[in-house]
Amino acid sequence: MRPMNGKRIFAALQPVWIVGLLAACGPPPVDLVLQNGKVVTVDEATPEAEAVAVTGDRIVAVGTSAEISEYIGDATEVIDLEGRLAIPGFIEGHGHFAYLGFAKMSLDLTRATNWDEIVALVAQAARDSEPGEWIIGRGWHQEKWDRAPQPAVEGLPLHESLTRVSPENPVFLTHASGHASFANALALERAGITSETADPPGGEILRDEDGNPTGALRETAQRPVRAAIEKARASRPPEVVMAEALRAVELAGREALAHGVTSFHDAGASFETIDLFKQLAAKGGLPIRLYVMVRFASNKEMAAKLPEYRMIGFGDHFLTVRSIKRQIDGALGPHGAWLLEPYEDLESTGLNLEPVEDIEGTAAIAI
């Protein structure tokens, strides 16, 4: 057998030497260690553990506290869970991130048990607001009220009681689903909605027996009021508008993280909102990971802009934009879902919000 030369001996021994060195020194230290907890991994091979080692945004190892202690270095942050539960972050499957933040800055109607409570909340807001200032609220749901409003049309109140407590402030209160809203007299006026206004395609203006708007607006009938709100917002200095948008992102992130949500499927954002998300992601300013669907754009605009806006894992994996949100009908709660037969409590089959041909055009663009 021919003897090895020096290079061959070194090449043969080098892997053994490296393995021995690593065994002697242990694994490299990590950024963060969680120990002494109950760690649920959602991994069938190791469903539970006591500790986790993390570097950057990656889990390096899970195991017992003794095993993971080998990953602790001088700069490692160590958190003693003291027996607490640690789980992977939740992923919100369908939400509206910016709207969540804006909702935190408006009246919370989710806990109102009847229409009278909502009127009282608006009355207090009107006392605290300047004349002409919009009062915005969200979260009411007539099916959760402890008593039906009187008088009512199709189970929804008339705006008179709301208008009495807010005569100098336009009021716009959105249903929990987002598919219907309620407006007072001044908001209807600002939106140009009168007894002569026809129902828009895909929307309905509820009316009393004399044909006057009750204040309840289904689906696309909300758009004139939303346009009036946006017009009022746009009239403010740009720095004020930006500050409000940034505040909405901050509040939405805080709300999500408080409930363990670390990733969020944003079911519909405008190109303008995506621009803001991208600016924040580029400098590490997004509080959670976002998967965003493009919305509020025509097929012509999407055909031109989608190639530029499609992004996967931008900003250290904090922003992905690779879906489009369209909807052919509304929601069941406010009677906007498009049915084959009429609702049991209403002589209506719901509403078709967007033409089938237009949605087919969107699908072609997406492909």
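Does glutamate 82 count as buried or exposed, and at what relative accessibility? The legends below take up this and other close-ups of a predicted model.

**Figure 1. Glutamate 82 sits in a loop between two strands.** The loop runs between strand S6 (77–80) and strand S7. Glutamate 82 counts as exposed, because its relative accessibility is 59% and the cut-off for exposed is over 50%. Its backbone also deserves a look. Phi of glutamate 82 is near 50 degrees, a positive value in a residue other than glycine. Most residues other than glycine have a negative phi.

**Figure 2. Glutamate 154 also has a positive phi.** The angle is about 55 degrees, although glutamate 154 is not a glycine. This residue lies in the loop between S11 and strand S12 (156–157). Glutamate 154 counts as partly exposed, with 37% relative accessibility.

**Figure 3. A cis peptide bond joins glutamine 150 and proline 151.** Omega is about -5 degrees here. Proline 151 belongs to the loop between S10 and strand S11 (152–153). Most peptide bonds are trans.

**Figure 4. Three strands make an open sheet with mixed pairing.** The order is S3-S2-S7. Strand S3 (48–49) and strand S7 (85–86) are the edge strands, and each pairs on one side only. Strand S2 (residues 38–40) and S3 pair in the antiparallel sense, over two bridges. Look for valine 39: alanine 49 in S3 stands opposite.

**Figure 5. Six strands make another open sheet, also with mixed pairing.** Read the order as S9-S10-S13-S14-S16-S15. At the edges are strand S9 (107–108) and strand S15 (203–207), each pairing on one side only. S9 and strand S10 (residues 135–140) pair in the parallel sense over two bridges. Aspartate 108 stands opposite arginine 138 in S10.

**Figure 6. Helix H10 (residues 299–309) has four buried residues, Asn299, Met302, Leu306 and Tyr309.** Seen down the axis of H10, these buried residues fall within an arc of 85 degrees, so they line one face of the helix. The spacing has a simple background. An α-helix has 3.6 residues a turn, so residues three or four places apart point the same way. The face of H10 turned away from the buried side carries exposed residues: Lys300, Ala304, Pro307 and Glu308. What covers the buried residues? Helix H9 (271–282), strand S18 (289–294), strand S19 (311–313), S20 and H12 are included in the cover.

**Figure 7. Serine 348 is buried in a loop.** The loop lies between strand S20 (319–324) and helix H12 (356–366). Serine 348 has a relative accessible area of 18%. It counts as buried because the cut-off is under 20%. Which residues are in contact with serine 348, leaving aside neighbours within four places in sequence? They are Glu341, Pro342 and Tyr343.

**Figure 8. The chain as a whole has 12 helices and 20 strands.** Its C-alpha trace spans about 105 × 50 × 45 Å along the principal axes. The radius of gyration is 28 Å, whereas a compact globule of 367 residues would have one near 21 Å. Buried residues make up 40% of the 367 residues.

Conventions: Residues are numbered from 1 along each chain as its sequence is written. This is a predicted model: local features need pLDDT of at least 70, side-chain atom pairs count only at pLDDT 80 or more; totals for chains, interfaces and linings use all residues. Side-chain values use heavy atoms; hydrogens and water are left out. Two strands pair if DSSP finds at least two bridges between them. Buried means under 20% relative accessible area, exposed over 50%, partly exposed in between (1.4 Å probe, protein chains only). Contact means heavy atoms within 4.5 Å. The radius of gyration is taken over C-alpha atoms; the globule rule is 2.2 Å times the number of residues to the power 0.38. The arc is that of the directions from the helix axis to the C-beta atoms.
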